[in-house]
Amino acid sequence: MEQYVIKGGNKLVGEVEIGGAKNAALAIIAAAIMTDETVVIDNLPDVRDVNVMIGAMEDIGVHIERIDRHTVKINATTIGRLSVDYEYIKKIRASYYLLGALLGKYKKAEVALPGGCNIGSRPIDLHVKGFKSLGSDVDVSYGLISVKAKRLIGSHIYMDKVSVGATINIMMAATLAEGKTTIENAAKEPHIVDVANFLNSMGANIRGAGTDVIRVFGVNKLHGTEYSVIPDQIEAGTFMFAAATTGGDVLVKNVIPKHLEATSAKLVDAGCQVVEYDDAVRVIGKEKLTATQVTTLPYPGFPTDMQPQMTAVLALAEGTSTVAETIFENRFKYVDELARMGANIQVEGNVAIIRGVDNYTGARVSAPDLRAGAALVIAGLAAEGITIVDDIHYIQRGYERFEEKLRGLGALIERTDSENDTQKFIRHVS
Ligand code: UD1
């Protein structure tokens, strides 16, 4: 089993290049099957979740050619099956985007109930409500969601809760429905806008993405396109927080600073300096960080996907911080691991109460999920001594060449897959 071995204590300094947004890419490659013409997508991150999604699409017959590490050419004329296997769904929850895409194009789809990160109950009622509202029959049984419709008819859909996945799924299906669909209380995340822009580049007519009311005017068919995925705000934020925790100075390049506003604001609250450029942000850390209060919220609020990394930063801040999680109820499982590294954090309900300590001490810890795994790496970078992070397959779901990029900033980190290699690295850095 692969692990990260980290010798902490080096301030991260230098420049890092951010890749394409995983969550946008997952929806965009699924939506690419909604035309029979060829679609070329670049700035695709080479991460496990995206590669699993590509596997799921190939499995139903989609022809996907990898032009280079970050570019694929997709042609869906060869689709032979409208049923997506559990093998893929259990690995990535986002494979449910194939439901909306297949339903829009073929008026029929069957997808196993989704898996994904274990961060709380992940219902699909809003997706189901949306598909039904567009005129589909939806059946959830035997571990499968089956949707089919004679015709998809535009409709008015109010989302009882802001959901990224349901907004995208409904937007995709409604693109090829008859008439107008209005999605109210829609999610406003940057990748909603990116998926809408992508669909519009294929001939869809979607307006209002990025606001809480999205209007989709159905079209008969979509055509081929070439599209570049937006930068990953969560990868960017993770490097910003790694810079802050180590008291470093890092220029995070190829980002859209607007997407990082909530993250930047909290770093400033914690005492860091954040300088915004057109397509980069520079984070200059501070010897002693200051406590602050954070609440996760749908965009433009503070992202839940940055919550564990924020906690890893605040565990070293002077005073008492609080981090309230309002999106997923089970997202503090990493706290015990941080405690093993010396953090003083108490969880009460959905709030983590963090009493800042002077430093982390290296320990052997285990990544419980993708973003929590990144938080443990951040803590390890700042820790005294050696940290070993197990279960890094979670981290590989969403970070491309994570350790390489960190090494480029001066971190002492190695990915190893045997006790021998781990000990060799430890000897090398000791
Ligand atoms: C997406 C992101 C994930 C991020 C999350 C919130 C992808 C692939 N994943 O996940 O990284 O953490 O947005 O920003 O883009 N809910 C319901 N019923 C539903 C659907 C959701 O009650 O039918 C609830 C969820 O339990 C959660 C909240 O709505 O409490 C938000 O979930 P949602 O935005 O749908 O998250 P995902 O799209 O799964």
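Reply: Arg401 is partly exposed, with a relative accessibility of 31%; buried means under 20% relative accessible area, exposed means over 50%, and partly exposed is in between, with a 1.4 Å probe and protein chains only. Please keep in mind that this is a predicted model, in which local features need pLDDT of at least 70 and side-chain atom pairs count only at pLDDT 80 or more, while totals for chains, interfaces and linings use all residues. Residues are numbered from 1 along each chain as its sequence is written, and side-chain values use heavy atoms, with hydrogens and water left out.

Back to Arg401: you will find it in the loop between α13 and α14 (402-407). Helices (H or I, at least four residues) and strands (E, at least two) are DSSP runs, numbered from the N terminus. The backbone is what makes this spot worth a look: Arg401 is not a glycine, yet its phi is positive, at about 45°. Most residues other than glycine have a negative phi, and most peptide bonds are trans.

Asp391 also has a positive phi without being a glycine, here about 60°. Its loop runs between β25 (386-390) and α13 (393-396), and Asp391 is partly exposed at 27% relative accessibility. For a cis peptide bond, go to Tyr299 and Pro300, where omega is about 10°. Pro300 sits in the loop between β19 (293-295) and α10 (307-314).

Now follow α10 to Leu314, which lies in that helix and is buried at 0% relative accessibility. Setting aside neighbours within four places in sequence, Leu314 is in contact with residues including Ala270, Thr290, Val294 and Ile354; contact means heavy atoms within 4.5 Å.

Thr238, in helix α8, is buried too, with a relative accessible area of 1%. A polar atom of its side chain lies 2.7 Å from the backbone oxygen of Ile234. That pair is a polar contact, meaning N or O atoms within 3.5 Å; within protein, one must be able to donate a hydrogen and the other to accept it, and residues adjacent in sequence count only if both atoms are side-chain atoms. Beyond four places in sequence, Thr238 is in contact with Met306, Gln309, Ala374, Ile378, Tyr399 and Phe402.

Helix α9 (residues 261-269) has Ala262, Thr263, Ser264, Lys266 and Leu267 as its buried residues. They pack against α8 (233-245), β16 (273-276), β17 (280-284), β19 and α10. Just after α9, Gly271 takes a positive phi of about 105°.

Another buried residue is Ala24, with a relative accessible area of 0%, in helix α1. Apart from neighbours within four places in sequence, its contacts are His191, Asp194, Val195, Val229 and Ile230. Ala24 is 285 residues from Gln309 in sequence, and their C-alpha atoms are 21 Å apart.

One oxygen atom of the ligand is 3.2 Å from an N or O atom in the side chain of Asn23. A ligand nitrogen is 2.7 Å from an N or O atom in the side chain of Asp125, and a ligand oxygen is 2.7 Å from a polar backbone atom of Leu126. The ligand exposes 740 Å² when taken alone, and the protein buries 90% of that; these areas come from the Shrake-Rupley method with a 1.4 Å probe.
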